[in-house]
Amino acid sequence: MIFSTKLRLPPFPVTITSLSVAAALLGDAMIYVVMPSRPELWYISIFQVGILLSANRLVRLFTNPASAYIVARFGVYQPFQWSLLASLSVLVAYALTSSFTLLLLARLTWGACWSTLRLVSQWIASDQSDETNVGFNLASNASLIRIGSIGGALFGGILSDYIGYKLTFSIFGTLTILSWLVWRNASSYRYKPIGEHLKGER
């Protein structure tokens, strides 16, 4: 097999969707760095930190199948937008509340958002693929999304030291809004239900 040395880029829908998910992931990644090291900022104990950092994963036992149903019912466009916008409320909670109950609700909300964001991004990467590039597109999707994990952990930790965690969350929220605006205007998946697409492929 001969491999081409020509630079390959993922399709634009894959890139813009993956980067939008990466933007939404910034605040979540920052929480894993700042909250365990500075729980006093939220007036919570390290025990409560453990609960909060686990909650978004546990709730996905329920939100993963629910997100599949929602996307199959409504398509990818609206659920993806809803999840991006809902993730902003999570950042607001991180920045403005020290209530453990509200923080827990925020973490549960983020878990639900992540279920939909990841599902839609993977579906778009698969939909843009054929038998020659499906692995490349899915790998590009996963790699671009992890920019949010790295950037949120690195810059979130550094910026919270210099400008404060509240302003840092505001910056990440602004990036999420910008990514939502770009994705909304650029997306070609407005009214394409996954269920109908799959039926057409059979």
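This is a predicted model: local features need pLDDT of at least 70, side-chain atom pairs count only at pLDDT 80 or more; totals for chains, interfaces and linings use all residues.

Reply: Happy to. A residue is called exposed when its relative accessible area is over 50%, buried when that area is under 20%, and partly exposed in between.

Helix α3 covers residues 60-74. Its 15 residues, at 1.5 Å a residue, should span 21 Å, and the end C-alpha atoms are 20 Å apart, which agrees. The buried residues in α3 are R60, T63, S67 and V71. Looking down the helix axis, these buried residues fall within an arc of 65 degrees, so they line one face of α3. On the face turned away from that buried side you will find the exposed residues L61, F62, Y69 and R73. After α3 comes G75, which has a positive phi, near 90 degrees.

Now for the setting of that helix. The chain has eight helices and zero strands. Of its 202 residues, 46% are buried. Take the contacts between residues at least 6 apart in sequence: 80% of them join residues at least 24 apart.

The largest nonpolar core holds 39 residues, and M35, W42, Y94, W110 and F169 have the most contacts inside it. Two or more residues of this core come from each of α1 (12-37), α2 (46-58), α4 (77-96), α5 and α7 (165-186).

At 39% relative accessibility, L175 counts as partly exposed. Setting aside neighbours within four places in sequence, L175 is in contact with A23 and L26. L175 and A23 are 152 residues apart along the chain, yet their C-alpha atoms are separated by 6.1 Å.

Next, the charged pairs. Side chains of opposite charge can pair when their charged atoms come close. The count here is two salt bridges. In one of them R107 pairs with D28, with the closest N and O atoms 2.8 Å apart. R107 belongs to helix α5 and D28 to helix α1, so this pair ties together parts that are 79 residues apart in sequence. R107 and D28 are both buried. The other salt bridge joins the side chains of R38 and E40, at 2.7 Å from N to O. R38 is partly exposed, with a relative accessible area of 35%, and E40 is partly exposed as well, at 42%.

One last stop is a loop. S129 sits between α5 (100-127) and α6 (134-162). Its relative accessibility is 19%, so S129 counts as buried, since the cut-off is under 20%. The side chain of S129 makes a polar contact of 2.8 Å with the side chain of N137. Leaving out neighbours within four places in sequence, S129 is in contact with V134 and N137.

Notes
Residues are numbered from 1 along each chain as its sequence is written. Side-chain values use heavy atoms; hydrogens and water are left out. Helices (H or I, at least four residues) and strands (E, at least two) are DSSP runs, numbered from the N terminus. Buried means under 20% relative accessible area, exposed over 50%, partly exposed in between (1.4 Å probe, protein chains only). A polar contact is a pair of N or O atoms within 3.5 Å; within protein, one must be able to donate a hydrogen and the other to accept it, and residues adjacent in sequence count only if both atoms are side-chain atoms. Contact means heavy atoms within 4.5 Å. A nonpolar core is a set of buried Ala, Val, Leu, Ile, Met, Phe, Trp, Tyr and Cys residues joined through side-chain atoms within 4.5 Å. The expected span of a helix is 1.5 Å times one less than its number of residues. The arc is that of the directions from the helix axis to the C-beta atoms. A salt bridge is a side-chain nitrogen of Lys or Arg within 4 Å of a carboxyl oxygen of Asp or Glu.
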